Amino acid sequence: MLTIKKYAAIDIGSNAVRLLIANIIEEKGKPTKFKKSSLVRVPIRLGADVFLEGKISKKNTERMVDTMLAFKLLMKSHNVDKYKACATSAMREAKNGPAVVQQILKQSDINIDIIEGDEEAAIIAATDLNAFINPDKTYLYVDVGGGSTEFTVIDRGETVISRSFKIGTVRLLNDMVKRETWTELETWIKDHTKTYDKIDLIGSGGNINKIFKVSGKAIGKPLTFFYLTSYYHMLQSYSYDERITELDLNQDRADVIIPASRIYLSAMKWSGAKDIYVPKIGLSDGIIKSLYYETVSSKRLA
């Protein structure tokens, strides 16, 4: 017997807000399949408000309400059974974050959970990577966001440790990451990867997805440290306007792609990784999975 349900994940990040709609396909005697159906991305860049002013502006609050109203209609049109909305770095640091959440709930009926960095790292780490990784290898999973980056060490298919650091693309653009934070990250990566003979990176986030697409590499093949370094230097040789006109990058991608590349390259350097795999997954996928497993658990307990 085959059953298909639709779940949605709303990821409210520091750079963009995303709605992912996925089909949950259950067939007796077979593993559950998660198939992406639709992805909508709105570049609101809440971090530009919060990391500089400490709160979300009135204009961006209104944009958030409009976006959630649009997402609600899209979920209705797709016949979504369940959804979960999670807000990360920018919203949790905004003085008016809880007030904005209440306003959104009142005006759009969308309920948003503001999650801590460790919970964010855990949701991302819980994403089923079995289809993308070699169970005999060790990986450092790096999910780069606008306000924070989540790091997870995975050894032989098992999560060893996860941690969130306040190093993100929007923060770096606004020169808001202290040298001490970089040092702390370097120490953490070296301490938790030094016991392994060989380690590869897994990269997620819109920027590494874009770099992978530009590379023309086949799905499942890694980008090398050499390639990413060359691409990083090439990006720096173009002005912001040139990156839009000549490299065909979106306006909200053309600036953050440089600090994102720096984070991935730093993680590769400090872990000794020579390759980075890009499976095109992230927090939204993790939210879908966690929503599904919560539903399964509640059914078993009922």
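Threonine 67 is buried in the predicted model, with a relative accessible area of 8%; buried denotes under 20% relative accessible area, exposed over 50%, and partly exposed the range in between, as calculated with a 1.4 Å probe on protein chains only. Threonine 67 belongs to helix H2, residues 58-77, where helices (H or I, at least four residues) and strands (E, at least two) are DSSP runs numbered from the N terminus. Between threonine 67 and aspartate 49 there are 18 residues of sequence separation and a C-alpha to C-alpha distance of 17 Å. The structure is a predicted model, in which local features require pLDDT of at least 70 and side-chain atom pairs count only at pLDDT 80 or more, whereas totals for chains, interfaces and linings use all residues. Residues are numbered from 1 along each chain as its sequence is written, and side-chain values use heavy atoms, with hydrogens and water left out.

Methionine 268, in helix H12 (residues 257-271), is also buried, with a relative accessible area of 1%.

Within H9, the residues Leu228, Thr229, Tyr231, Tyr232 and Leu235 are buried. Viewed down the helix axis, the buried residues of H9 fall within an arc of 165 degrees and therefore line one face of the helix, the arc being that of the directions from the helix axis to the C-beta atoms.

In helix H8, residues 206-215, the buried positions are Asn207, Ile208, Asn209, Ile211 and Phe212. Glycine 216 follows H8 and has a positive phi, near 75 degrees.

H8 also contributes 5 residues to the lining of the largest pocket, the largest share. A pocket is defined on a 1 Å grid over the protein atoms alone as an open set of points where a 1.4 Å probe fits, with protein on both sides within 12 Å along at least five of seven lines; lining residues have an atom within 4 Å of a point. The space in the largest pocket amounts to about 860 Å³, a volume being the space filled by probe spheres set on the points. Of the 38 lining residues, Arg18, Gly205, Gly206, Asn209 and Arg253 lie nearest the centre of the pocket. By class, the lining has 8 nonpolar, 17 polar and 13 charged residues.

Side chains of opposite charge can pair when their charged atoms come close. In the whole structure, 14 salt bridges are found, each defined as a side-chain nitrogen of Lys or Arg within 4 Å of a carboxyl oxygen of Asp or Glu. One of them joins aspartate 11 to arginine 18, with the closest N and O atoms 3.7 Å apart; aspartate 11 is buried, at a relative accessible area of 8%. Lysine 30 and glutamate 27 form a salt bridge of 3.8 Å, N to O; lysine 30 is exposed, at 52%, and glutamate 27 is partly exposed, at 35%. Aspartate 191 pairs with lysine 194 in a salt bridge at 3.9 Å. Glu93, Lys166 and Arg171 are linked in a network of salt bridges.

Note on methods
Nonpolar A, V, L, I, M, F, W, Y, C, P; charged D, E, K, R; others polar.
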